[in-house]
Amino acid sequence: MPPLDILALAMLRARNLRALLPRAARASSSSSSSAPSSRYLKTDPSDAATSSSPALSNKQRTELGEIIRVDQAGEIAANWIYMGQMAVLGGDRASGPLIQEMWDQEKKHLTVMDRLQAQHRVRPTVLAPVAKIAGFGLGAVTALMGRDAAMACTEAVETVIGEHYDDQLKALAELPVKHPSLSLLREVITELRDDELEHLDTAVENHSQRTPQHALLTTIVETGCKVAIELCKRV
Amino acid sequence: MSRSALLRQAFTHVPSHGFTRRALALSAPEELSDSAVTALFGRGEEAEKTLFQAWLDEGRQDMRGALSEDAKGGEKEKLYALLARRLRYNEPALKHLPDAFALLSSPSFASSLPIPLTLPRFRLLPGLKHVSSVADEACWLLAPSSGSQSTTPTYYLDRTRVAAVYAAAELHQLSAPGRSERFLRDLLEGTGALPQVVGEMGMFAEYVGRSWAGIIRSRGM
């Protein structure tokens with residue numbers, strides 16, 4: 001191979017490693033026991049914040065239910081998107097481990113969401129099977145389009161999810177009721193939002209914006225995500 | 001006395017007076033006047049509906065007692081215990097229940113003026129709402145408290161089955177109270193195989209899906 005290609009490959013690998021390194025430091029902080037989501041992963045029945053639900057008016061109960069229902073549907077879809085991407089790109093040396101790591105984080109998020117759903121007795125969305133199939137399809141199709149397209153899909157989904165979590169945090173801040181479970185919910189959503197934005201950074205660092213028709217792909221995926229969010233809130 | 005305390009006191013008068021304004025009037029230590037009942041609970045039939053709804057809510061809260069008594073027993077036993085307890089809660093007021101359910105379905109005027117400003121809304125599904133809320137309560141009480149498994153896969157299927165069983169059992173109880181528990185047990189056993197059947201349908205669908213995936217892959221697409 002000509003020396004310039006060898007140099008280019010070495011730089012690419014170095015950039016990938018650099019992309020992995022700071023995330024390794026961040027990952028250890030989010031999996032440490034001080035993270036709010038770890039209280040849901042530990043299942044301590046004496047913890048009032050993870051085992052009781054506040055007394056809310058009907059309207060507030062509906063709002064809380066919508067928030068948790070949409071978040072759970074989003075985590076199901078994200079899990080299956082990564083599953084679809086891994087099905088195609090799993091063997092790829094550059095992006096396979098990246099996608100696997102992001103997928104593992106999403107699995108933890110889904111466990112937390114399931115426990116939140118059970119704690120607050122929220123009805124899950126009827127569209128859960130649709131979310132699974134659509135997510136798998138989206139992940140597989142964008143992965144078939146190429147590694148960069150898969151990263152572009154991740155970038156679009158994580159952008160919408162990050163903004164959505166932000167809106168939910170604002171809505172929760174306006175809730176007048178004070179209860180340990182609600183403040184824990186806000187901390188958990190903040191942590192999840194930060195994780196999703198971290199995935200967004202990863203996707204951008206890994207050349208998601210190099211995709212041809214990047215703008216078109218991200219617009220389609222973002223619009224699809226917004227429609228799905230509105231549907232899952234109601235159904 | 002607070003409004004909820006008065007309602008709870010009114011429950012003790014329901015077996016003798018039914019779900020009527022009279023039962024509400026007797027709830028306070030000194031009998032409430034009709035205008036006081038109207039002010040607290042609503043005009044005309046609204047007050048009676050409020051009383052009935054509160055009685056139904058109390059019935060759902062009461063279901064929790066079934067689990068603490070019967071600590072042993074598998075899922076089926078616990079479900080039977082929960083639904084049987086709810087049916088037993090009906091017994092004191094059984095003869096007033098058909099009228100009360102009819103009352104729930106009757107239209108109500110929401111405006112505060114005595115003139116109807118909008119057409120009366122016929123509530124077609126109040127009985128279904130009651131049955132589904134009992135089923136919801138039963139399923140949440142049965143769900144594992146630690147939340148180690150996800151509740152999503154069989155959420156709607158469980159609730160549909162329990163709601164149908166409870167609806168049939170309650171209707172049977174309204175006509176033949178003596179045999180209601182036996183009927184409930186028969187229904188639960190009869191529909192017990194339902195989740196397994198749906199699971200097997202899912203497995204078959206997955207099998208068909210995999211064959212199609214194999215065909216598409218072999219066509220080289």
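R21(B) is buried in this predicted model. Its relative accessible area is 15%, and the cut-off for buried is under 20%. This arginine still has a charged partner. R21(B) forms a salt bridge with D34(B), and the closest N and O atoms lie 3.2 Å apart. The pair links distant parts of the chain, 13 residues apart. R21(B) sits in helix α3 (residues 21-25) of chain B, and D34(B) sits in helix α4 (residues 34-41) of chain B. The aspartate end is exposed: D34(B) has a relative accessible area of 53%. The cut-off for exposed is over 50%, so D34(B) falls in that class.

Now move to helix α9 (residues 126-142) of chain B, which holds D136(B). D136(B) forms a salt bridge with R159(B), with the closest N and O atoms 2.7 Å apart. R159(B) belongs to helix α10 (residues 155-175) of chain B. Again the pair links distant parts of the chain, here 23 residues apart. R159(B) counts as buried, because its relative accessibility is 13% and the limit is under 20%. D136(B) counts as partly exposed, at 26% relative accessibility.

Next comes a bridge between helix α7 (residues 75-90) and helix α11 (residues 180-191), both of chain B. Here R88(B) forms a salt bridge with E181(B). The closest N and O atoms are 3.3 Å apart. The two residues are 93 residues apart in the chain. Both ends of this pair count as partly exposed: R88(B) has 42% relative accessibility, and E181(B) has 28%.

R121(A), R64(B) and E137(B) are linked by salt bridges. Over all chains, the count comes to 18 salt bridges.

Y207(B) is exposed, with a relative accessible area of 57%. Patch residues need over 30% relative accessible area, so Y207(B) passes that cut-off.

Conventions
Residues numbered from 1 in each chain as written. Chains lettered and ligands numbered in written order. Predicted model: local features only at pLDDT ≥ 70, side-chain atom pairs only at ≥ 80, totals over all residues. Heavy atoms only, no water. Salt bridge = Lys/Arg side-chain N within 4 Å of Asp/Glu carboxyl O. Helix = DSSP H or I, 4+ residues; strand = E, 2+ residues; numbered from the N terminus. Buried < 20%, exposed > 50% of the residue type's maximum accessible area, 1.4 Å probe, protein only.
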